[in-house]
Amino acid sequence: MESKKEFFLECYQLGIIKFGKFTLKSGIESPFYVDLRPLASDPRILKHLANYLLEMLPLDNFDVICGVPYAALPMATAMSLESYLPLIIKRKEAKAYGTKKLIEGIYTKGQNCLLVEDVITSGKSLLETIPEIENEGISVSDIVVVLDRQQGGKELLESKGYRVHTLFTISEVCTILKDEGHLDDEEVSRISDFLAGNAVKFEDKKRLSYEQKLEYADHSVAKKLLEIALQKKSNLIVSADVITTAELLDLAEKVGPHIVALKTHIDIITDFDSDSTILPLKDLAAKHNFLLMEDRKFADIGNTQELQFSYGIYKISNWADFVTAQVIGGYDSLDCFRNVGVVAILGMSSKGTLTDKNYQEEALKVAQSHPNVIGGVSQKQIPDELLLFTPGVNLADSGDGKGQQYNTPEHVFSNLHTDFMIVGRGIYKAPDAEKSALNYKIAGWNAYETSL
Ligand code: 5BU
């Protein structure tokens with residue numbers, strides 16, 4: 001199994017913790033929100049989770065295992081399958097008819113039960129559940145919890161004589177997320193304040209609307225993108241990672257009406273020819289009103305980039321409206337991209353990327369100061385004056401088995417304040433690319449409106 005930290009980061013990609021401002025059932029405002037139910041939808045993660053939880057426990061102590069409904073039910077089931085501890089099921093309410101049993105499954109009085117819970121907060125709900133199990137003559141000595149929100153629950157249960165084993169604590173999780181650049185210092189200190197029992201102040205940092213961004217924008221390409229977004233009610237960029245001209249043009253025709261830009265990796269087109277690939281592509285861009293984004297990710301000294309940009313067979317400067325570039329070559333290396341917009345690569349979506357916090361901060365300084373730069377690619381929020389482009393968006397998958405990590409439109413628009421989401425395989429691999437583009441366009445626009 002991978003390290004506990006790597007495992008947590010995989011879980012995090014499923015959207016189990018959100019940061020922002022959330023009103024809890026109690027009316028209290030919390031700087032984070034936890035929902036572990038998505039873990040059950042990834043069989044590999046669920047199986048690993050079961051093993052991590054089992055590793056912490058004195059398994060010989062238990063005769064049966066039971067999950068607190070509902071979130072912990074699949075977890076307890078997975079643990080049962082991995083350990084051969086028989087599962088019993090606790091109902092939320094007793095059946096209104098028949099046996100009126102609260103506990104289902106095979107058990108005998110006097111057995112000891114391992115109780116599984118997803119999240120422990122104050123511990124009150126566990127203190128309601130435990131007597132219901134104990135009333136059936138089953139004892140509970142140990143409780144295993146995936147995430148401790150550190151709001152007194154563990155201590156409360158321990159004071160009543162139960163042993164509580166927790167896999168992650170919220171502080172541990174915050175440290176991991178901070179190290180990985182997902183949380184900034186301000187968010188971490190707000191969470192610590194909250195955990196210390198202090199009322200937390202949220203300065204409502206709202207995202208800017210496309211109209212507001214238009215007022216800020218001074219680069220013509222940034223303005224054009226924002227205007228198209230407003231006209232088409234779309235923030236979708238389709239990544240056309242197909243390998244023939246015919247597929248590229250076919251995709252552009254189908255998704256054209258729904259997108260603000262088509263993103264190409266032009267060097268993967270096997271039969272590239274300026275006249276038969278680029279001319280019709282430009283016609284489609286004009287017909288459907290979208291821009292062309294060449295995801296070249298330049299990463300060299302200025303002179304070489306200048307040659308790569310304008311020469312060779314692709315002559316990117318002749319047709320691309322905007323390009324992606326690393327900023328690793330420094331400020332001056334971006335001077336060559338005249339007449340196009342540059343999207344600077346600040347942080348990547350792939351697992352294990354080396355774009356750590358320090359790199360992102362330095363890359364951002366270059367991006368913010370260079371006049372050719374219209375925005376950045378990142379998996380975290382960036383300053384309002386730049387447009388944020390976020391790849392790694394997929395409604396159906398959480399990864400591709402090759403390191404790609406996916407988020408939902410809701411996550412990228414609400415949490416990252418993304419301006420444009422980039423979707424590749426979610427669309428061009430769909431049985432009906434046009435329909436899928438329309439679905440993503442609607443999901444992206446709804447997510448944007450909700451995030452305002
Ligand atoms: P996908 O099929 O939706 O996974 O395609 C994503 C596209 O975005 C693909 O062309 C990548 O090269 C590109 N990409 C990315 O996925 N992650 C990044 O951090 C950057 C680019 Br930068």
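User: Which side chain does R37 meet in a salt bridge?
Analyst: R37 meets the side chain of D35, at 3.0 Å from N to O. Keep in mind that this is a predicted model.

User: How many salt bridges turn up in the whole structure?
Analyst: A search of the whole structure gives 22. Another one is E132 with K90, where the closest N and O atoms are 3.0 Å apart.

User: Which elements do E132 and K90 lie in?
Analyst: E132 is in helix α4 (residues 124-134), and K90 is in strand β4 (residues 87-90). The pair therefore ties together parts that are 42 residues apart in sequence.

User: Why can side chains like that pair at all?
Analyst: Opposite charges can pair when the charged atoms come close.

User: Switching to domains. How is the protein chain divided?
Analyst: Into domain 1 (4-195) and domain 2 (210-451). Their centres, taken over C-alpha atoms, are separated by 40 Å.

User: How many residues are in contact across the two domains?
Analyst: On the domain 1 side, 10 residues; on the domain 2 side, nine.

User: And what area is buried between them?
Analyst: About 850 Å², with carbon and sulfur atoms giving 43% of that. Q13, K18 and G181 supply 46% of what domain 1 buries against domain 2.

User: Which elements give two or more residues to domain 1's side?
Analyst: α1 (4-13) and β1 (17-23). The largest share, three residues, comes from α1.

User: What's the split by class on that side?
Analyst: Five charged, three nonpolar and two polar residues on the side of domain 1 that touches domain 2.

User: Now the ligand. Which residues come nearest?
Analyst: There are 16 residues around the ligand, and D241, S349, Q404, Y406 and R425 come nearest.

User: What does S349 do there, in terms of distance to a ligand atom?
Analyst: A polar side-chain atom of S349 lies 2.7 Å from a ligand nitrogen atom.

User: Where do Q404 and K263 sit relative to ligand oxygen?
Analyst: An N or O atom in the Q404 side chain is 2.8 Å from an oxygen atom of the ligand. For K263, a polar side-chain atom lies 2.9 Å from a ligand oxygen atom.

Conventions: Residues are numbered from 1 along each chain as its sequence is written. This is a predicted model: local features need pLDDT of at least 70, side-chain atom pairs count only at pLDDT 80 or more; totals for chains, interfaces and linings use all residues. Side-chain values use heavy atoms; hydrogens and water are left out. Domain bounds come from an automatic or database domain assignment. Contact means heavy atoms within 4.5 Å. Buried area is the accessible area (1.4 Å probe) that two parts lose on being put together, summed over both. Helices (H or I, at least four residues) and strands (E, at least two) are DSSP runs, numbered from the N terminus. Ala, Val, Leu, Ile, Met, Phe, Trp, Tyr, Cys and Pro count as nonpolar, Asp, Glu, Lys and Arg as charged, and the others, Gly among them, as polar. A residue is near a molecule or strand if one of its heavy atoms lies within 4 Å of it. A polar contact is a pair of N or O atoms within 3.5 Å; within protein, one must be able to donate a hydrogen and the other to accept it, and residues adjacent in sequence count only if both atoms are side-chain atoms. A salt bridge is a side-chain nitrogen of Lys or Arg within 4 Å of a carboxyl oxygen of Asp or Glu.
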